[in-house]
Amino acid sequence: MKIGFIGDIVGKPGRLIIKRHLKRLREEHFLDLVIANSENASHGFGLTAKNCEELLGYGIDVMTGGNHSFDKKEIFELFETHPVIRPMNYPLSAPGKGIYFADVNGIKVAVLNLMGHYTMPMVDNPFTMISGVVASLKAEGITHIVLDMHAEASSEKNALLHIVGEEVSAILGTHTHIGTDDLQVIGGCCYVTDVGLTGCRDGVIGMDKAVPLKRFLSGLGGHHNIPNECQAIFQMVVFEMNEQGRCIGAEKIKIYDDAPKVVTSAWMD
Ligand SMILES: [Fe+2]
Ligand SMILES: [Fe+2]
């Protein structure tokens, strides 16, 4: 089974570069399921119903979230009607769920979403929570488990690999919008600290550079904007799992809108 995982989609430039490439990549790589973090898909903040439908139409099957999950209130309804989840360690009373079960040719795939602590909203401890969740999935016979760890600190994501790496098929980091160069397949788990954004690559983490630079240079802020035109990047991790749900190989695909495709590979010994 092959799965594609796209990191944070940022605004319209992110959605459009997915439109341009994803259907072809699904065929070229024989992808059975595509998961994408969509917390910034609607002008950088949250996900609207319209953009959710748009992304489903481009070939995304499941959408995860993060600290921006609740920015657009329309998502409350999407949680009930669409394959959209948010981090599972939000308080129990928060709308939505943190697990989605996808059926891939009769095999149940659990997509999990978790959020770290550093600089993040107050959520339950992801590290003490995750082992119990994974154990109960395993007890139900579910072996294909994909985890989106949405966190600022690389250490939090890296630590998670040591906590549940031997039990899950993949741990894909999101949130920083900057892709890291540590894709690996270790002990049957596909791991990367951050997949990186899909959207504008010539601003500051997908946003127009004006407001972040003003903030850093003068201490004054403003409303973040996403340019209508920019140089975009598409980033996706593709990984393959065996029948036992262990990852046996992974690739990171980067497509610049004005340059050749870059592929980085990681294979299990
Ligand atoms: Fe994000
Ligand atoms: Fe985030």
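**Walking through the fold, one question at a time**

Trainee: In strand 13, which residue is the bridge partner of E251?
Mentor: Start with the pairing: strand 12 (residues 247-256) and strand 13 run antiparallel, joined by six bridges. Strands count as paired if DSSP finds at least two bridges between them; strands themselves are DSSP runs of E with at least two residues, and helices are runs of H or I with at least four, all numbered from the N terminus. Look across from E251 into strand 13 and you land on S265.

Trainee: What kind of model are we looking at?
Mentor: Residues are numbered from 1 along each chain as its sequence is written, while chains are lettered from A and ligands numbered from 1 in the order they are written. Local features here need pLDDT of at least 70, side-chain atom pairs count only at pLDDT 80 or more, and totals for chains, interfaces and linings use all residues, since this is a model that is predicted.

Trainee: How many residues of strand 13 are buried?
Mentor: A residue is buried if 20 or more other C-beta atoms lie within 10 Å of its own, exposed if 12 or fewer, and partly exposed in between, with C-beta atoms placed from the backbone. Strand 13 spans residues 262-267 and forms a hairpin with strand 12, with five residues between the two. It lies largely in the open, because its count of buried residues is zero.

Trainee: How many helices and strands does the chain have, and what is its radius of gyration?
Mentor: The chain holds six helices and 13 strands. The radius of gyration is taken over C-alpha atoms, and the globule rule is 2.2 Å times the number of residues to the power 0.38. For 269 residues that rule gives 18 Å, and the chain comes close to it, so it is as compact as a globular protein of that length, at 17 Å.

Trainee: What share of the chain's contacts between residues at least 6 apart in sequence join residues at least 24 apart?
Mentor: Two residues are in contact if their C-beta atoms, placed from the backbone, lie within 7 Å. Taking the contacts between residues at least 6 apart, the share joining residues at least 24 apart is 65%.

Trainee: Around helix 4, how wide is the arc covered by the buried residues?
Mentor: P126, I130, V133, V134 and L137 are the buried ones in helix 4. The arc is that of the directions from the helix axis to the C-beta atoms. These residues sit on the same side of helix 4, because their arc is only 95 degrees.

Trainee: And which residues are exposed on the other side of helix 4?
Mentor: The buried residues of helix 4 have cover that includes strand 5 (107-115), strand 6 (144-150) and helix 5 (154-164). The other side carries T128, S131, G132, A135, S136 and A139.

Trainee: Which residue just after helix 4 takes a positive phi?
Mentor: Its phi is about 90 degrees. The residue is G141.

Trainee: Is H43 buried, exposed or partly exposed?
Mentor: H43 lies in the loop between strand 2 (33-37) and helix 2. Setting aside neighbours within four places in sequence, H43 is in contact with G11 and I226. With 17 other C-beta atoms within 10 Å, H43 is partly exposed.

Trainee: What about G196: buried or exposed?
Mentor: G196 is also in a loop, between strand 9 (189-192) and strand 10 (199-200). Leaving aside neighbours within four places in sequence, its contacts are G7, H177, I178, G179 and Q235. With 28 other C-beta atoms within 10 Å, G196 is buried.

Trainee: Which residues touch the most other members of the largest nonpolar core?
Mentor: A nonpolar core is a set of buried Ala, Val, Leu, Ile, Met, Phe, Trp, Tyr and Cys residues joined through C-beta atoms within 7 Å. The largest one has 70 residues, and the members touching the most others are A170, I171 and V237.
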